[in-house]
Amino acid sequence: MLKGIPKNLSPELLKILMEMGHGDEIVIADGNFPAANFAQRLVRADGHGVPELLDSILDLFPLDTFVDKPVALMQVVNQNESKPSIWDEYKKLLEKKCSEPWDIEFMERFSFYERAKNAYAIIATSESALYANIILKKGVIS
């Protein structure tokens, strides 16, 4: 055990977060996402939801300030569907945890999948909310 490390971050996930360099991306995937199919490195976070992991990861993980949109979400397929409420949770967490201004990119489903294939790692969660997948681009510590 270590002081100050959120208990929901496994040793494997901490290692991956440490290994990642500036510009590398990580996907926090909901329970419906084909994580095992796309991941170069797969981290299982069964029993955890995306917001709780995002909250813990943002305590340790700097977002990239050299790009306009260091955060990406999968846009809803049917544009008539309402915006998922979980996105509001993400926005609140990002505002609370990040000192730099940021913007969110909304990506078409298959474009999101292609980007996820190139991510450094994918965290597979048990999140049941739809469209809860999020990509984070790592920045630098100054």
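Analyst: The model is predicted. A residue is called buried under 20% relative accessible area, exposed over 50%, and partly exposed in between.

User: Why is Glu108 called partly exposed?

Analyst: Its relative accessibility is 35%.

User: Where is Glu108 found, and how far is Glu108 from Leu73 in sequence and in space?

Analyst: Glu108 sits in the loop between β4 and α5 (109-117). Leu73 is 35 residues away in sequence and 8.8 Å away in space, C-alpha to C-alpha.

User: How do you know what span is expected of α4?

Analyst: The expected span is 1.5 Å times one less than the number of residues. Helix α4 (residues 86-97) has 12 residues, which gives an expected 16 Å; from first C-alpha to last, α4 reaches 17 Å, close to that value.

User: What makes the buried residues of α4 line one face?

Analyst: Those residues are Ile86, Trp87, Tyr90, Leu93 and Leu94. Seen down the axis of α4, they fall within an arc of 120 degrees, so they line one face of the helix. On the other side of α4, Lys92 and Lys96 are exposed. The cover over the buried residues includes α3 (50-60), β3 (71-74), β4 (104-107) and β6 (134-137).

User: What makes up the lining of the largest pocket, by class?

Analyst: The lining has 12 nonpolar, 3 polar and 4 charged residues. The pocket has a volume of about 340 Å³, and the largest share of its lining, 3 residues, comes from α3.

How values were computed:
Residues numbered from 1 in each chain as written. Predicted model: local features only at pLDDT ≥ 70, side-chain atom pairs only at ≥ 80, totals over all residues. Heavy atoms only, no water. Helix = DSSP H or I, 4+ residues; strand = E, 2+ residues; numbered from the N terminus. Buried < 20%, exposed > 50% of the residue type's maximum accessible area, 1.4 Å probe, protein only. Arc of directions from axis to C-beta. Contact = heavy atoms within 4.5 Å. 1 Å grid on protein atoms, 1.4 Å probe; cavity = no way out; pocket = protein on both sides within 12 Å on 5 of 7 lines; lining within 4 Å. Points joined across faces, edges and corners; volume = space filled by probe spheres on them. Nonpolar A, V, L, I, M, F, W, Y, C, P; charged D, E, K, R; others polar.
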